[in-house]
Amino acid sequence: MKSYLFLPLAFLKFWFFEAPRGIYKFFASLNHAFFQVFALPLFIKTFFKPLKNEYRQGLVGFSRAMGIFIKSLIIIADLIILIPLLLIEIVVFIGFIMLPVMTILMLFL
């Protein structure tokens with residue numbers, strides 16, 4: 001019978017501490033996989049290097065310029081995909097936290 005008295009506390013502990021930690025770990029893993037698949041950090045790290053490491057006489061400048069141009073397009077495309085992903089993650093996380101609060105508020109309004 002005593003365990004039923006602690007059920008609301010167990011729910012609050014789960015909903016506001018354990019589940020957000022799990023959601024955060026899931027989203028961190030998702031973001032890590034995103035960066036591995038789309039190689040955004042690699043493109044930023046090698047931004048000023050030639051695209052195919054072409055260092056022949058007379059082609060270094062062109063190779064660097066072409067690398068910067070292509071990598072700029074790829075980085076922009078990656079950011080166009082990353083920003084909505086991050087916004088969706090934030091909305092889901094805040095929505096999950098606010099769900100019990102909004103439910104209680106709807107009951108009393």
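Predicted model: local features only at pLDDT ≥ 70, side-chain atom pairs only at ≥ 80, totals over all residues.
**Surface patch.** L79, I83, L87, I90, I94, M98, V101, M102, L105 and L109 form it, with about 940 Å² of accessible area together. Areas come from the Shrake-Rupley method with a 1.4 Å probe, and for residues only the protein chains shown count as cover. Patch residues have over 30% relative accessible area and no salt bridge, and nonpolar side chains are joined within 5 Å. A salt bridge is a side-chain nitrogen of Lys or Arg within 4 Å of a carboxyl oxygen of Asp or Glu.

**V101.** Helices are DSSP runs (H or I) of at least four residues, numbered from the N terminus. V101 is partly exposed, at 33% relative accessible area; buried means under 20%, exposed over 50%, and partly exposed in between.

**Kinks.** I found a kink of about 45° at M98 in α4, shortly before the proline P100. In α2, a kink of about 40° is centred on F14. The bend is the angle between axes fitted to the seven residues ending at a residue and the seven starting there.

**Buried residues.** In α4 I noted the buried residues, among them F96, I97 and P100. Their cover includes α2 (7–38) and α3 (40–45). Those of α2 include W15, F27 and F34, and α4 is part of what covers the buried residues of α2.

**Conventions.** Residues are numbered from 1 along each chain as its sequence is written. Local features need pLDDT of at least 70, side-chain atom pairs count only at pLDDT 80 or more, and totals for chains, interfaces and linings use all residues, while side-chain values use heavy atoms, leaving out hydrogens and water.

Terms used
Patch = residues over 30% accessible without salt bridge, like charges linked within 9 Å, V, L, I, M, F, W, Y side chains within 5 Å. Buried < 20%, exposed > 50% of the residue type's maximum accessible area, 1.4 Å probe, protein only. Helix = DSSP H or I, 4+ residues; strand = E, 2+ residues; numbered from the N terminus. Contact = heavy atoms within 4.5 Å.
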